Amino acid sequence: MTYLHCIGAACGATFDLHTPLMACPKCGELLEVIVDRPKADASELKREWSERRRSFAAVDTSGVWRFREALPQYAAEHVVTMREGNVPMVRAQRAAEFAGVTHLHFKHLGWNPTGCFKDLGMTTGMTEARYLGAKVVACASTGNTAASLAAYAARAGVVGRVYLPAGQVSMNKLAQALDFGAEIVEVQGSFDDALNTLLALPPEEVYFLNSVNPFRIEGQKTCMYEVMEERGWRAPEYLVVPGGNLGNSASFGKAFDELLRWGLIERAPKLIVVQAAGANPFARLWREREKNPDAVLKPLEPETRATAIRIGNPRSWRKALHGVESTGGMVIDVTDDEIGEAKAAIGRDGIGCEPASATTLAGLKKLREADLVDSDAEVVAMLTGHGLKDTAYILEQHGAGSQGQQEGH
Ligand code: F0G
């Protein structure tokens, strides 16, 4: 049976899968989906998943639903999909040299339908919303979740409403949300204030699609299935991911648990989460736990030019911490200047990404310089957003912002 389970160590309450809950009503902790063990064995699953790449059926062309044995089950016609997933893993030589490593691949999640990894979780979240008969879906967002929700809500034929921190969202992402017909609510303050505003609404009125929704995590975890498949079901030594609200890191940790439990891989990669130094509550927690293993996350007022991860109170920190601890990984932070240099290095490989994504390369360089990662280690780093997601940042970085252009004329 597939069901919802509270992650609270002292609670562990369970609920029917389709109960629309964003937190445990008993203890307030987050919930996770516990997926029933697939009927087929590991080698049958691997064969089936790879054979689906030759099919043209909608649920097979999706790089998320291709792995549906590892997901909550739905009838194919209920699935809201736009062929998300199945994105390339690309080798990047100049970026590797920049970081001082020899075996570096980027898994480019920015090459998803709306240009970001959020689509992987939105297809599962929106499918559950449709299954429940939701009429209005909503999220708080630094921009990418908003664009993704807007697109998938349009596909599902429901109202999409997005709560954005006023003046803190890239215009490109705002333009996407407008283009896809979402209702925009601007909130004074940060992403954390926008999320608090949303979560205070009566849940009967809207279905929440932030990553506190356990169905979002289910879709996002599948990119780890895909990475392992592409590598012949052999884990790299390190898997590097940016950390904001920590939904993505949480989903990777969950994927590794399942892949190991179901005999699909023999060992997991070490999960490395990289935050921006001005929005680093998780990295601070990691450092504090060296002295005090019971320390809990302390929210802070975030500030970084990588606006996608300008988050001070990440909700999924306990889940993400499990992923890092269980794999022997690390949490680190990098400055905005280090992010800028890393982004330019990725660009010189002909690969665009947004600033938040470049934290991965900046973090890898930092770990290499501290000799915490060997130069010949196999590393897969996640690029979470497309290069065109934040063009103002790029133009400014190269002195070609609107100011610069005007001066040039
Ligand atoms: N990279 C990009 C491009 C993002 O948009 C986000 C989060 C992250 C990394 C961090 O992922 O939150 O799962 O740790 N963006 C959210 C949004 C918060 O609203 O679009 P996370």
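Visitor: How do the residues of the shell around the ligand divide into nonpolar, polar and charged?
Guide: This is a predicted model. In it, the shell holds seven nonpolar, 12 polar and two charged residues.

Visitor: Which of them come nearest to the ligand?
Guide: Ser141, Gly244, Asn245, Leu246 and Thr384 come nearest, out of 21 residues around the ligand.

Visitor: And which helices supply at least two residues of that shell?
Guide: Helix H5, residues 144-156, does. So does helix H9, residues 247-261.

Visitor: What about asparagine 144?
Guide: Its side chain has an N or O atom 2.7 Å from an oxygen atom of the ligand.

Visitor: Leucine 246: what part of it lies 2.7 Å from a ligand oxygen?
Guide: A backbone N or O atom.

Visitor: How much of the ligand does the protein bury?
Guide: The ligand taken alone exposes 470 Å², and the protein buries 98% of that.

Visitor: What kind of space does the ligand take?
Guide: A cavity, and the largest one.

Visitor: Switching to the whole fold. How many helices and strands?
Guide: The protein chain has 15 helices and 13 strands.

Visitor: Why call the chain a compact globule?
Guide: Because a compact globule of 409 residues would have a radius of gyration near 22 Å, and the 20 Å of this chain agrees.

Visitor: What does the C-alpha trace span along its principal axes?
Guide: About 60 × 50 × 45 Å.

Terms used
Residues numbered from 1 in each chain as written. Predicted model: local features only at pLDDT ≥ 70, side-chain atom pairs only at ≥ 80, totals over all residues. Heavy atoms only, no water. Near = heavy atom within 4 Å. Polar contact = N/O pair within 3.5 Å; in protein donor to acceptor, adjacent residues only side chain to side chain. Areas by Shrake-Rupley, 256 points an atom, 1.4 Å probe, with all protein chains shown as cover. 1 Å grid on protein atoms, 1.4 Å probe; cavity = no way out; pocket = protein on both sides within 12 Å on 5 of 7 lines; lining within 4 Å. Sits in = over half its atoms within 2 Å of the grid points. Helix = DSSP H or I, 4+ residues; strand = E, 2+ residues; numbered from the N terminus. Nonpolar A, V, L, I, M, F, W, Y, C, P; charged D, E, K, R; others polar. Rg over C-alpha atoms; globule rule 2.2 N^0.38 Å.
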